[in-house]
Amino acid sequence: MKRLTEKQKRFCEEYIIDLNATRAYKAVYKNCKKDESARANGSKLLTNTNIKSYIDSLIEEIHTKNTADAREVIEYLTSVMRGKSSAEIVVVEGTGDGCSQAVKVNKSPDEKERLKAAELLGKRFGLFIDKQQNVQTIEIKENWFDVEKGDKDE
């Protein structure tokens with residue numbers, strides 16, 4: 001793979017911000033003032049296979065950092081089910097003389113939230129699948145078609 005120049009790398013990094021090649025090109029190549037030129041040159045850069053590969057690797061890196069994997073989801077649901085997680089909520093407290101103020105309070109999951117987490121975990125592990133036995137009877141008629149005659153039995 002051919003190495004990219006520093007400006008090409010910066011173009012790729014600018015491009016993944018909002019996927020706007022014209023803006024990215026103008027941000028990196030400061031001497032380009034016209035949108036038409038930036039649009040044409042940015043589009044041309046995006047057809048370069050090395051630049052495409054670099055952009056794909058940047059997007060994959062972002063995806064890996066920001067996306068929860070299955071293990072993380074299961075660990076989170078388990079912590080909610082066990083009541084070990086907490087959420088910050090806003091509660092209104094009276095201060096006297098008909099006045100009140102909003103206060104942030106940490107709250108453990110309530111029974112409904114814990115039940116929902118348990119339900120999602122149970123579905124994941126197949127604990128709630130209805131197991132039904134389906135039995136079908138098939139009647140097979142012998143000599144339905146006479147091979148020698150090629151006629152149906154009546």
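Residues are numbered from 1 along each chain as its sequence is written, and side-chain values use heavy atoms, with hydrogens and water left out. Because the model is predicted, local features need pLDDT of at least 70 and side-chain atom pairs count only at pLDDT 80 or more, while totals for chains, interfaces and linings use all residues.

**Stop 1: α1 and α4**

Select residues 6–18, helix α1, and residues 49–66, helix α4. Helices here are DSSP runs (H or I, at least four residues), numbered from the N terminus. The two pack at an angle of about 50°, with their axes 10 Å apart. Axes are lines fitted to C-alpha atoms, for helices over the stretch in contact, and angles run from 0 to 180 degrees between N-to-C directions. That angle makes α1 oblique to α4; angles under 35 degrees count as roughly parallel, over 145 as roughly antiparallel, 65 to 115 as roughly perpendicular and the rest as oblique. The crossing of α1 and α4 is right-handed, meaning that the near helix is turned clockwise from the far one by less than a right angle.

Now show the side chains at the contact (heavy atoms within 4.5 Å). From α1, pick Gln8, Lys9, Cys12, Glu13, Tyr15 and Ile16; from α4, pick Ile51, Tyr54, Ile55, Leu58, Ile59 and Ile62. By class, the contact of α1 with α4 has nine nonpolar, one polar and two charged residues. Ala, Val, Leu, Ile, Met, Phe, Trp, Tyr, Cys and Pro count as nonpolar, Asp, Glu, Lys and Arg as charged, and the others, Gly among them, as polar.

**Stop 2: the aromatic cluster**

Stay on α1 and select Phe11 and Tyr15, which lie four residues apart, about one turn of the helix. Their ring centres are 6.2 Å apart and their planes at 20°, so the pair is stacked. Rings of Phe, Tyr and Trp (its six-membered ring) pair if their centres lie within 6.5 Å; planes under 30 degrees apart count as stacked, over 60 as edge-to-face and the rest as tilted. Phe11 is buried at 0% relative accessible area, and Tyr15 is buried at 15%. Buried means under 20%, exposed over 50%, partly exposed in between (1.4 Å probe, protein chains only).

Ring pairs link Phe11, Tyr15, Tyr25 and Tyr29 into a cluster.

**Stop 3: Glu75**

Move to Glu75 in helix α5, residues 70–81. Glu75 is partly exposed, at 43%.
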